[in-house]
Amino acid sequence: MSIKITTKLAEKSNISSFDPENIVFGRVFTDHMFSCDFKNNQWQDFRIEPFGKIALSPTLSALHYGQAIFEGMKAVKNEDGVITLFRPLENLKRLNHSAERMCMPQLPEEIFMEALEKLLLLDKEWIPAKRGSSLYIRPFMFATDDFLGVKASENYCFMIYACPVSSYYSHPLKVRVEETYTRACKGGVGAAKCAGNYAASMYPTRLAQKDGFDQVLWTDGEHHQYLEETGTSNVFVITPDAVYTPQLNDSLLAGITRDSIITLLRSQGMNVIEKQISINEVIGWHESGTLREMFVSGTAATVTNIEMFSYRGREYRVNAKENLLSTDILNTFNDMKTLIIPDKFDWITILQESTIMHQ
Ligand SMILES: *Cc1c(COP(=O)(O)O)cnc(C)c1O
């Protein structure tokens, strides 16, 4: 089955405003965007239009009660101009998981993939071919009922827009282990990629940034003892014996990068352990000199080292400088996405005219 997408082209491309050598994260958007509406229990009115403002009612349900979810993914172009996506169906799966938690409708695969394909091919000139750069893609869904009362909306909008990016962080991170504020708690919505989780994290993040940190390293809401993640990325801790990452629970966002790293490292024979990791355990490794490396992982953040964490006012340096596992992982992912090495996990989708094809 195939959906019918109507297309209204931009009168003039905005691409001259975009300098691939000097990309500012999240400020310049491609020429077009995709939208469709959920009305009468059905997705309809699939359309690609020039990127621009949308008219909304002040009563829009999403603005008041926060039914709003999103995804983040990237398209990469190699030197031969081949465009790839990395595990796009995992993003769809997670979008639908978030939708279920927030009482929002499921989005069918054909809408997601055909919208992506058509939009990205139309704006393919915007995908930078420089290694490490990519086109960040933002699919999102929000409630559109014009109704004052608190209830799950009956109408929704799903949209996709995109913007060229280089890396999100350009330096290793300093993070503060958070003990006062909580990002997500048991039974809450931490495992959903919903807008409100970000709203909740902004104040503690601002406090940490005022003190010179890049990010908060969240701990569990109950004990403030077990590592969870940073604001937009999952976290890994490396010792000579194993690669550790917090085990998934309902207050953690199940990153696709996280899952890919676990699969990749295990395929290379490494001992990857998903478990509750207490901050005291990490400090113990630091004190015994076995804390080799820490990094965060996410689509926007890629794989970025943590050079220092602070806990109860004390700073702990993670001194890894050479032979970083994070650098190896990043290179392997970049090589996979640009088809330099074989895609043995079946993660890469090559974007082509008219059909989305697996390699
Ligand atoms: C999106 C996100 C991540 C990373 O997920 P990826 O699929 O790897 O991009 C991690 N934590 C939070 C809170 C997120 O929103």
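**Entry 1. Arg87**

I began with Arg87, which is buried because its relative accessible area is 13% (buried means under 20% relative accessible area, exposed over 50%, partly exposed in between, with a 1.4 Å probe and protein chains only). I worked throughout on a predicted model, in which local features need pLDDT of at least 70, side-chain atom pairs count only at pLDDT 80 or more, and totals for chains, interfaces and linings use all residues. I kept the numbering from 1 along each chain as its sequence is written, and side-chain values use heavy atoms, with hydrogens and water left out.

I located Arg87 in the loop between β6 (83-86) and α2; helices (H or I, at least four residues) and strands (E, at least two) are DSSP runs, numbered from the N terminus. Setting aside neighbours within four places in sequence, I found Arg87 in contact with Ile256, Asp259, Ser260 and Trp347, where contact means heavy atoms within 4.5 Å.

**Entry 2. Helices α5 and α7**

I next looked up helix α5 (residues 256-267) and helix α7 (residues 325-337), whose axes come within 11 Å and cross at roughly 100°. The axes are lines fitted to C-alpha atoms, for helices over the stretch in contact, and angles run from 0 to 180 degrees between N-to-C directions. The two helices, α5 and α7, are therefore roughly perpendicular to each other (angles under 35 degrees count as roughly parallel, over 145 as roughly antiparallel, 65 to 115 as roughly perpendicular and the rest as oblique).

On the α5 side I listed Thr257, Ser260, Ile261, Leu264 and Leu265 as making the contact, and on the α7 side Leu325, Ile329, Thr332, Phe333 and Met336.

**Entry 3. Helices α2 and α3**

I then took helix α2 (residues 88-101) and helix α3 (residues 109-122), which pack at an angle of about 130° with their axes 11 Å apart. I recorded α2 and α3 as therefore oblique to each other. Their crossing is right-handed; a crossing is left-handed if the near helix is turned anticlockwise from the far one by less than a right angle, and right-handed if clockwise.

From α2, I noted Pro88, Leu89, Asn91 and Leu92 in the contact, and from α3, Glu109, Phe112 and Met113. The contact of α2 with α3 comprises five nonpolar, one polar and one charged residues.

Within helix α3 I also examined Lys118. With 35% relative accessibility, Lys118 counts as partly exposed. Apart from neighbours within four places in sequence, Lys118 is in contact with Ile5, Thr7 and Ile48. I also checked Lys118 against Ile15: their C-alpha atoms are separated by 18 Å, and the residues are 103 apart along the chain.

**Entry 4. Strand β12**

I turned to strand β12 (residues 234-238), where five of the five residues are buried, so the strand is largely enclosed by the rest of the structure. I viewed both faces and found each covered: Asn234, Phe236 and Ile238 are buried on one side, Val235 and Val237 on the other.

I traced five bridges from β12 to strand β15 (residues 293-298), the two running antiparallel; two strands pair if DSSP finds at least two bridges between them. Asn234 has Ser297 as its bridge partner in β15.

I found that β12 also pairs with strand β13 (residues 243-246), in the antiparallel sense over two bridges. Ile238 is bridged to Val243 of β13. I noted β12 and β13 as a hairpin with four residues between them.

**Entry 5. Loop residues**

I checked backbone angles with one rule in mind: most residues other than glycine have a negative phi. Arg312 has a positive phi of about 50°, although it is not a glycine. I placed Arg312 in the loop between β16 (302-311) and β17 (314-317), and Arg312 is exposed at a relative accessible area of 62%.

For Asp346 I found a positive phi near 60°, again in a residue other than glycine. Asp346 sits in the loop between α7 and β18 (348-351) and is partly exposed, with a relative accessible area of 46%.

Ala55 counts as exposed at 79% relative accessibility. From Ala55 to Lys124 I recorded 27 Å in space, C-alpha to C-alpha, and 69 residues in sequence.

Notes:
Ala, Val, Leu, Ile, Met, Phe, Trp, Tyr, Cys and Pro count as nonpolar, Asp, Glu, Lys and Arg as charged, and the others, Gly among them, as polar.
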